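Please keep the sequence and the structure open while reading.

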Amino acid sequence: MLTKETINLINQSREKQHLQEFESLAEKLTQEGIDVKTLLGQLEKFQIAVPSWALGAGGTRFGRFAYGGAPRTLLEKIEDVGLLHALTKNSNAISLHIPWDIPKDFQEIKEAAIAQQLSFDAVNSNTFQDQVNQKHSYKYGSLSHADKAVREQAIAHNKEVIQIGESLGSKSITVWLADGSNFPGQNNFQKALQRTQDSLQEITKSMPKDWRLFIEYKPYEPHFYSTVIQDWGTSFLLANACGPQAFTLVDLGHHLPNTNIEQIVATLLMQGKLGGFHFNDSRYGDDDLTVGSIQPYKLFLIFNELVYGMATNKNNPPLAWMIDASHNTKDPLEDLLQSIDAILESFAKALLVDQKALHQAQQYSDVVMCQELLQNAFKTDVRPLIREMRLRKGGALETLQVYRETKQRQIRIQQRGADALSSGL
Ligand SMILES: [Mn+2]
């Protein structure tokens with residue numbers, strides 16, 4: 001296990017340079033009227049859940065290339081997220097996927113999480129593949145299936161996922177359906193949507209009162225003609241039909257090209273129905289690439305709406321922040337470190353937007369000034385702020401540097417094997 005002492009020791013090599021960078025930025029921001037202490041507090045509070053399925057090498061339709069040292073068990077997955085949290089101080093939760101992560105010994109799993117200062121975030125159900133010994137197949141749908149017996153099996157699975165989550169202290173479930181059709185005429189759209197709504201309502205009814213249901217949408221894949229919950233509007237109407245415990249979940253990769261996601265975020269926040277986020281980045285479709293690696297400005301614009309929306313719409317509950325990515329060519333843990341940084345940086349930049357000046361510029365239709373205000377914030381290098389927050393919390397100044405210098409991957413390959421396999425996407 002990586003100790004605080006080791007992190008501190010490696011931090012020392014960079015501390016002097018960091019302090020210079022931080023002090024100069026803090027001075028500049030203070031002159032602009034920004035309270036740096038409050039800013040650091042907001043960054044410190046920002047916690048992102050790491051998905052258990054993203055800790056090993058991901059696959060594509062064509063193949064999977066093992067990275068070595070992948071976590072073989074839920075305990076090892078917790079160990080890996082614990083490492084990410086020790087380095088970043090911004091990833092204090094793990095999001096489990098059932099049935100891939102059903103604990104054998106609940107007490108042992110809970111204690112392991114506590115030892116790593118982790119909690120259990122949203123649990124995820126899985127009706128997009130058939131499990132061994134499953135009675136009915138999901139080949140033609142699950143919660144929307146024409147056959148009631150299949151729907152009942154899928155509903156029962158979701159209820160079981162909620163029970164497992166409850167035993168671990170989770171407070172939410174994310175439902176993503178692969179249900180849809182590949183060919184025109186295959187599904188009756190209205191009937192499929194109605195059946196999905198009925199099924200989701202039954203799942204919601206079984207949830208404890210302090211739980212939330214997140215309904216994730218996606219326009220295509222694995223089906224290529226239609227998906228039952230295709231877009232935010234469909235998710236939103238289902239969330240409304242399911243009542244106050246149900247919300248829409250936005251996965252950044254689940255949109256058709258060039259969709260204005262920041263506007264979707266704003267609308268959902270205004271309606272008090274934005275539940276959470278799955279962060280990733282993409283160029284073409286649901287590419288599940290490292291957050292901020294392709295379109296960092298888009299991510300910033302989304303955070304700009306989030307910052308305004310969270311402050312303005314108190315009817316919207318606190319959001320669940322989660323990463324949902326897949327790593328085919330990078331060390332998964334290094335990829336996640338990069339993603340966590342990208343999220344923090346976008347959030348910090350959005351916090352720098354001068355909301356008062358922006359409001360005024362909008363009021364007078366000063367289009368040039370509106371752009372200037374957003375881009376001034378975007379172009380600020382906020383990394384010294386994030387480093388400072390981590391330094392104060394006992395995390396790593398440079399997370400990747402500490403990860404590499406302490407040979408975390410090599411240790412894992414030694415302990416778990418070069419061909420260790422992890423359940424995941
Ligand atoms: Mn997702």
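Two residues are in contact if their C-beta atoms, placed from the backbone, lie within 7 Å. The model discussed here is predicted.

**Helix H5 and helix H6**

- Under that definition, Arg151, Ala154, Ile155, Asn158 and Lys159 in H5 meet Arg195, Ser199, Glu202 and Ile203 in H6.
- By class, this contact of H5 with H6 has three nonpolar, two polar and four charged residues.
- The axes of H5 (residues 148-168) and H6 (residues 189-205) cross at roughly 35° and come within 9 Å.
- The crossing in which H5 passes H6 is right-handed.

**Largest nonpolar core**

- The largest nonpolar core has 108 residues, of which Leu213 and Ile215 touch the most other members.
- Helix H10 (residues 332-352) gives the most to this core, with 12 residues.
- Leaving aside residues up to four places away in sequence, Leu213 touches Ile173, Val175, Ile203, Thr204, Met207, Cys242, Gln245, Ala246 and Phe247.

**Asp281**

- Asp281 lies in the loop between strand E10 (274-279) and helix H9 (296-312).
- Asp281 counts as buried because 21 other C-beta atoms lie within 10 Å, and the cut-off for a buried residue is 20 or more.
- Not counting residues up to four places away in sequence, Asp281 touches Leu252, Leu289, Thr290, Val291, Gly292, Ser293, Ile294 and Gln295.
- From C-alpha to C-alpha, Asp281 and Phe247 are 22 Å apart in space, and they are 34 residues apart in sequence.

Notes
Residues numbered from 1 in each chain as written. Predicted model: local features only at pLDDT ≥ 70, side-chain atom pairs only at ≥ 80, totals over all residues. Core = buried A, V, L, I, M, F, W, Y, C linked by C-beta atoms within 7 Å. Buried ≥ 20, exposed ≤ 12 C-beta atoms within 10 Å, placed from the backbone. Helix = DSSP H or I, 4+ residues; strand = E, 2+ residues; numbered from the N terminus. Axes fitted to C-alpha atoms, helices over the stretch in contact; angles between N-to-C directions. Left-handed = near helix turned anticlockwise from the far one by under 90°. Nonpolar A, V, L, I, M, F, W, Y, C, P; charged D, E, K, R; others polar.
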